[in-house]
Amino acid sequence: MAIFTGLSSIYSVLSESAGVAGNLCAFVLFVSPIPTFRRIIRNQSTEQFSGLPYVYSLLNCLICLWYGMPFVSPNIILVATVNSIGAVFQFVYIAIFIAYADKTKKVKMSVLLGAVFVLFAAIAFVSLNFMESHVRQLFIGYLSVFSLISMFASPLFIINLVIKTRSVEYMPFFLSLATFVMSLSFLAYGMLKDDAFITSVCFANGTLSMECNQHRCSNRSASNRTCGAGLWLKSSLAATFSAVIFLVPI
């Protein structure tokens with residue numbers, strides 16, 4: 001009995017440590033765009049930067065925050081904490097982007113921001129009022145998987161810009177690295193917590209991060225005519241397939 005208790009305690013410490021490590025890596029990921037926004041503020045222009053990744057990230061953080069809440073998924077509160085911090089960062093980034101964007105981008109980003117909050121409010125309302133606890137967890141879990149795959153695939157659009165400019169300036173290496181390390185940490189956390197949703201999406205995210213870095217490196221020295229949208233589709237399908245493999249037992 002004592003041995004079982006000791007092993008249980010070690011298991012708990014390992015799982016929480018993996019979650020804390022994931023939170024720390026995620027924080028690095030959240031602050032990594034700061035140099036970009038310092039440049040935007042200094043130049044008073046969004047230049048060729050895209051605001052779409054931050055919109056994806058905000059929606060994703062809100063959905064994953066909801067998934068990590070105790071009344072949706074018990075015992076994974078670290079998922080809620082990291083995504084609450086992430087949502088604040090993404091909202092600030094979007095606000096800055098809107099402030100310095102041209103009129104067309106300003107309107108587009110404002111509409112998308114409003115749509116994100118309306119969509120999240122609808123998801124929260126429906127899941128709370130029309131679903132039992134288990135169904136609620138499955139519903140929000142599947143939503144979080146597909147929103148995360150979309151968010152982590154969104155930087156692949158930037159590869160099109162990298163190809164055109166033959167510069168990796170708009171695709172920082174450390175951003176991709178932080179994403180990959182965070183994926184590994186939460187992959188361990190999901191496996192230790194026996195949460196198929198966390199495990200599947202982190203595995204898929206790792207796949208996308210490696211794909212993104214591969215094409216980033218290939219474009220440092222050679223011109224590649226692969227279309228950014230086509231690359232996004234190919235990588236998203238691969239990541240979705242990886243996620244489905246983990247989710248089939250559910």
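I number residues from 1 along each chain as its sequence is written, and I leave hydrogens and water out, since side-chain values use heavy atoms. Because the model is predicted, I take local features only at pLDDT of at least 70 and side-chain atom pairs only at pLDDT 80 or more, while totals for chains, interfaces and linings use all residues.

Annotated spans. In the unreviewed UniProt entry I found "transmembrane region" given for several spans, including 20-37 and 75-99; such annotations may be inferred rather than shown by experiment. Residues 20-37 are 89% helix and 0% strand, with end C-alpha atoms 27 Å apart, and residues 75-99 are 92% helix and 0% strand, with end C-alpha atoms 39 Å apart.

S73. I located S73 in the loop between α3 (52-68) and α4 (77-100), where helices are DSSP runs (H or I, at least four residues) numbered from the N terminus. S73 is buried, with a relative accessible area of 1% (buried means under 20%, with a 1.4 Å probe and protein chains only). The side chain of S73 makes a polar contact with the side chain of Q137 at 3.4 Å (a pair of N or O atoms within 3.5 Å, one able to donate a hydrogen and the other to accept it; residues adjacent in sequence count only if both atoms are side-chain atoms). The backbone oxygen of Y67 lies 2.9 Å from a polar atom of the S73 side chain.

Helix α4 gives the largest share, 3 residues.

Notes
Helix = DSSP H or I, 4+ residues; strand = E, 2+ residues; numbered from the N terminus. Buried < 20%, exposed > 50% of the residue type's maximum accessible area, 1.4 Å probe, protein only.
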